[in-house]
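Open the model in your viewer and keep the selection panel at hand. The stops below take you from one selection to the next.

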Amino acid sequence: MGIINEIERFAINDGPGIRTLIFFKGCPLRCKWCSNPETQNPLPEIFYFEDKCIFCQSCIAACPNNAIKADYLRNKVITNRHICTGCGNCVAVCPAQARRLVGIEKNVEEIMEEIKKDEPFYILSGGGVTLSGGEVFFQPDFALEILKACKKEEIDTAIETSGFASWKTMERLLPYIDHVLIDIKHMNSSLHKYWTGVGNELILENIKRIDAQKKDYIIRIPLIPGVNYGEENIKELKNFIRELQNIKEIHVLPYHTLGRGKYKYLEREYELKHLKKYTKEEIKKIVSKLEIEGVKIVTGG
């Protein structure tokens, strides 16, 4: 059994071909720009859509932990996220659909049942299944069984990962993974820790080990204004990539604002609300600085 956030179909930026994308719950990082904050907590959570709320207070009576209180000044309810268990009782009684459960427990058989629905698209496009998150290695046993089941059905597999996991854990899953998409968020470990909550030593070491195994992999670089586009970081990044023997492709992922609303639904503050998206000209200029002979650069996705 494991906890997933959702299953997305017809994904085209998460590995080759058309893919079924499975979002795992739980992540050891806390990237300040995270566009999927609902995948950070490994347990189920509740989205609250304030604009839909009719302030009927049915959710208050339904909550077994007294985690929901009424705010009469603003005609809304407030959830104490520290004691909310994500049981979903409040979701079931909400007549306005102002509450939604995020995160559901599934077993491997249920996941595979959904995956098999898309097999014709894998065959036609050379696609397959991508496990994403959150962090796949946060639920390694569950991920391993899904990967094994996919390989039994001869389905192409990929993972999207921060790379922040013990090599012992990663090594167990890698034989069942056809493609690895792994992030480098910053080359300076102190700054990496400031922006994500963890240092980068383990991540960089894991990339070297994946490279040594000649595994098909792509390095992804989230391009965040004011975080990691500086000259020194780009220089160190290029030097690191040049030392890799089997890297063929990197993906540059420009900052976007698509996940901002989710913080409001979780009743959390989005720390980087002052950031603006790059212009096309700015992206082109930064990408040109990353060019490395023999390494393909793909922008977007």
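Select Phe121 to begin. Phe121 sits in helix H4, residues 119–125. Helices here are DSSP runs of H or I with at least four residues, strands are E runs of at least two, and both are numbered from the N terminus. Phe121 counts as partly exposed because its relative accessibility is 31%. The scale is this: buried is under 20% relative accessible area, exposed is over 50%, and partly exposed is in between (1.4 Å probe, protein chains only). The C-alpha atoms of Phe121 and Ile18 are 6.4 Å apart, although 103 residues separate the two along the chain.

A word on the model: it is predicted, local features need pLDDT of at least 70, side-chain atom pairs count only at pLDDT 80 or more, and totals for chains, interfaces and linings use all residues. Residues are numbered from 1 along each chain as its sequence is written, and side-chain values use heavy atoms, with hydrogens and water left out.

Next, the salt bridges. Side chains of opposite charge can pair when their charged atoms come close. The rule used is a side-chain nitrogen of Lys or Arg within 4 Å of a carboxyl oxygen of Asp or Glu. The count is 19 salt bridges.

Select Arg9 and Glu114. They form a salt bridge, with the closest N and O atoms 2.9 Å apart. This pair links distant parts of the chain: Arg9 belongs to strand S1 (residues 2–11) and Glu114 to helix H3, 105 residues apart. Arg9 is partly exposed, at 29% relative accessible area. Glu114 is partly exposed too, at 22%.

Move to Arg74 and Asp71. Their side chains meet in a salt bridge of 2.7 Å, N to O. Asp71 is buried, at 12%.

Then pick Arg220 and Asp183. Their salt bridge spans 3.2 Å, N to O. Arg220 is in strand S11 (residues 217–223) and Asp183 in strand S10 (residues 179–183), so the bridge ties together parts 37 residues apart in sequence. Arg220 is buried, at 11% relative accessibility. Asp183 is buried at 11% as well.

Glu105, Glu109, Glu110 and Glu113 form a negative surface patch. Patch members have over 30% relative accessible area and no salt bridge; like charges are joined within 9 Å, nonpolar side chains (Val, Leu, Ile, Met, Phe, Trp, Tyr) within 5 Å. Helix H3 (residues 108–116) gives the largest share of this patch, three residues. Click on Glu110, which lies in helix H3. Glu110 is partly exposed, at 34% relative accessibility.

Cys27 is in no disulfide, and the nearest cysteine sulfur, that of Cys31, is 6.5 Å away. Cys27 is buried, at 13% relative accessibility. Finish on Cys56. Cys56 is in no disulfide either, and its nearest cysteine sulfur, that of Cys94, is 5.9 Å away. Cys56 is partly exposed, with a relative accessible area of 38%.

How values were computed. Accessible areas come from the Shrake-Rupley method with a 1.4 Å probe; for residues, only the protein chains shown count as cover. Lys and Arg count as positive and Asp and Glu as negative; His and the chain ends are not counted. The place of a charge is taken as NZ of Lys, CZ of Arg, CG of Asp or CD of Glu. A disulfide is a pair of cysteine sulfur atoms within 2.5 Å.
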